[in-house]
Every structure is written in C-alpha cells, then in structure tokens.
Amino acid sequence: MHKRAIFSNRSLPYLLLAPQIAVTLVFFIWPAFQALIQSVQRQDAFGFRTTFVGLDNFRRLLADPFYLASMQVTLVFSVAVTLLSMGFALLFAVMVNRMIRSRSPYTTLMVWPYAVAPAIAGVLWYFIFNPTIGILPYLLRMVDYDWNNRASATDAMILVVIAAAWKQISYNFLFFLAGLQSIPQSLLEAAAIDGASPTKRFWTIVFPLLSPTTFFLLVVNITYAMFDTFGVIHATTQGGPAQATNILVYKVYTDGFVGLNLGSSAAQSVILMLIVITLTVVQFRWIERRVQY
C-alpha cells in the first residue's frame, strides 16, 4: 500500500508549487528564452538597433580560435576540478568513516568550506598563492620553483583548479560519507573473515556499492565546474594570463558585459547549455548502465 496525500482544497497543491514554478520561470526559463532570441540577432552596444543574422553568430564562434581555445581550457579545468574534488572527498570520507568518537567534529569541520562563497574562496587562495605576499610561493622558492600565476599559464590553471576543487570537496564529502555509512557492515566483516585485505575490500565491495553516489556526484561536479566557478575565476585570474584560464562561462561574461557583444555572448550561452545537456544525457544513457543500484 502506498500512502497518498489528500488535500481538502484542490487549489492548495498548486499554491504550494507556485513559488518554485515562479522562480523557475523568472530565473531559468525566461533567461534561456531570451538567450535563444539574442543568439540569432546582432545588437549595438546600446540596444538601439537589432538585426536578425540567423546562425551567423554561431558560425563566427566556431571559426574563432579564441573561442576554441576557451573550449579546451574548459575541458581541462572541468576534468581536473571533478577528479580532484571527488578524489579528496572520497579519501576524507573513508578516513572519517573509520572514526567512532570523533566522527561528528571532523564532519562539521569538513562541511564548513562549503558555506564559503566561490568568490571568497577565490580570494582566499589568491592571497595564499600570491607571488609577492603568499605563503606557498615563499615555500616553493625554497625548492627552487618560482611560482607566478600572473605570468605562467600552468601556475594560473593550478590556482583556479585548487580553489574551485577546495570549494566543492565538502559537498562531495557529505554524500560519500552518507554512502559509506549505508553499506552493510556484515559484508565487510564477511570479506575480512575470508582474508580480503582492506584495499581489496574497498575496491571490490565498497567502491562498487558507492557507484550510485559517485555517478550523482559526477554529474553535479561537471555542472559545477562549467557553471558555478565564475566567481573563482573572476576573483583570481580573470581569465588570464593570455586567456589561459578563460573558461566558457567567463568568456560569456567578458564578451557580453565587458565587450558588449550581446549576440555572440548569447550564442555562447546557448552552446554552453547544449554542451551541459549533452553531457548529462550521455552520462545517464551510457555511464549509468555501469551503476549498481
């Protein structure tokens, strides 16, 4: 028997859904519709004249070497942030799950970074890695490495990857820890009695049972790296040096709000949206088949 909610007033369910529907329409559906319209138009910087250009904005983008380079930067950045944040989160979750008395304090401390805004996280790591006053460049100079994220593309990419991944580790940690605590201990005890080492128990029992959680976090982290890291990029490198950290979502901002090329910016947002939708569909169609529920 399935429990069923019964409302005395037939309009009450719609009233309860109304705020969420309104937020979705105003902040998601309407901006997406406006982006689709602007992507096939060309406007002047002041919006006085609008010309329909069809797919010309998209053709220009796909022939633009700077935009293609931004795609490559986004690919490297997204993969690095996803692997780093999920890898460390899983490691911390396994370590905390083995604790008994001090599990709650460690969990609380691990969750705190998630409350930090992306821009604040970027500023924190910007000062830590600052070539002039940062503590890490000072330590790196002791091992003969001259850190300079303002001039080196590699150093700049490392900076934004660490800042973005650090912000997301707490979120991944919570889900991995919940997944670990839901695994029956009887399975691990039986494997231990059979002589399986802790490493073998993890890769043959724990990790396969974590596949639903891992798959969910994979989708969330890729979306996070492509959309929610604007504040990190803006607070640290602003896409530099020489466009080395100019990911797609930040290029939408620079071309639209700084360069006032509204048509190209709208076309970029549409392409970015299509990329994320395609990745999500691929993940649910093919990767999810390997998930063991």
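Visitor: What should I know before I start reading?

Guide: This is a predicted model, where local features need pLDDT of at least 70, side-chain atom pairs count only at pLDDT 80 or more, and totals for chains, interfaces and linings use all residues. Residues are numbered from 1 along each chain as its sequence is written, and side-chain values use heavy atoms, with hydrogens and water left out.

Visitor: How many helices and strands does the chain have?

Guide: Helices (H or I, at least four residues) and strands (E, at least two) are DSSP runs, numbered from the N terminus. Here you get 13 helices and two strands. The C-alpha trace spans about 75 × 70 × 35 Å along its principal axes.

Visitor: What share of the residues is buried?

Guide: Buried means under 20% relative accessible area, exposed over 50%, and partly exposed in between (1.4 Å probe, protein chains only). In this chain of 293 residues, 38% are buried.

Visitor: Which residues touch the most other members of the largest nonpolar core?

Guide: The general idea is that nonpolar side chains tend to be buried together in soluble globular proteins. A nonpolar core is a set of buried Ala, Val, Leu, Ile, Met, Phe, Trp, Tyr and Cys residues joined through side-chain atoms within 4.5 Å. The largest one has 32 residues, and Phe 77, Val 81, Met 157, Ala 164, Ile 233 and Ile 247 touch the most other members. H7 (153-181) gives the most to this core, with seven residues.

Visitor: What does Ala 164 touch?

Guide: Contact means heavy atoms within 4.5 Å. Leaving out residues up to four places away in sequence, Ala 164 touches Phe 77, Val 81, Tyr 224, Thr 229 and Val 232. There's also a second, separate core of 22 residues, with Met 86, Leu 180, Leu 188 and Ala 196 among them.

Visitor: How does the length of H13 compare with what its residue count predicts?

Guide: The expected span is 1.5 Å times one less than the number of residues. For the 24 residues of H13 (262-285) that comes to 34 Å, and the end C-alpha atoms are 34 Å apart, so the two agree. Its buried residues include Gly 263, Ala 267, Val 270 and Leu 272. Among the elements covering the buried residues of H13 are H1, H3 (65-97) and H10 (211-227).

Visitor: How many salt bridges are there?

Guide: A salt bridge is a side-chain nitrogen of Lys or Arg within 4 Å of a carboxyl oxygen of Asp or Glu. The whole structure has three. Asp 56 pairs with Arg 42 at 2.6 Å, N to O, and that pair links helix H2 to strand S1, 14 residues apart. Asp 56 also bridges to Arg 60, with the closest N and O atoms 2.9 Å apart.

Visitor: Where do Asp 255 and Lys 251 lie?

Guide: Both lie in helix H12, four residues apart, about one turn of the helix. Beyond four places in sequence, Asp 255 touches Leu 260, Asn 261, Ser 264, Ser 265 and Gln 268.
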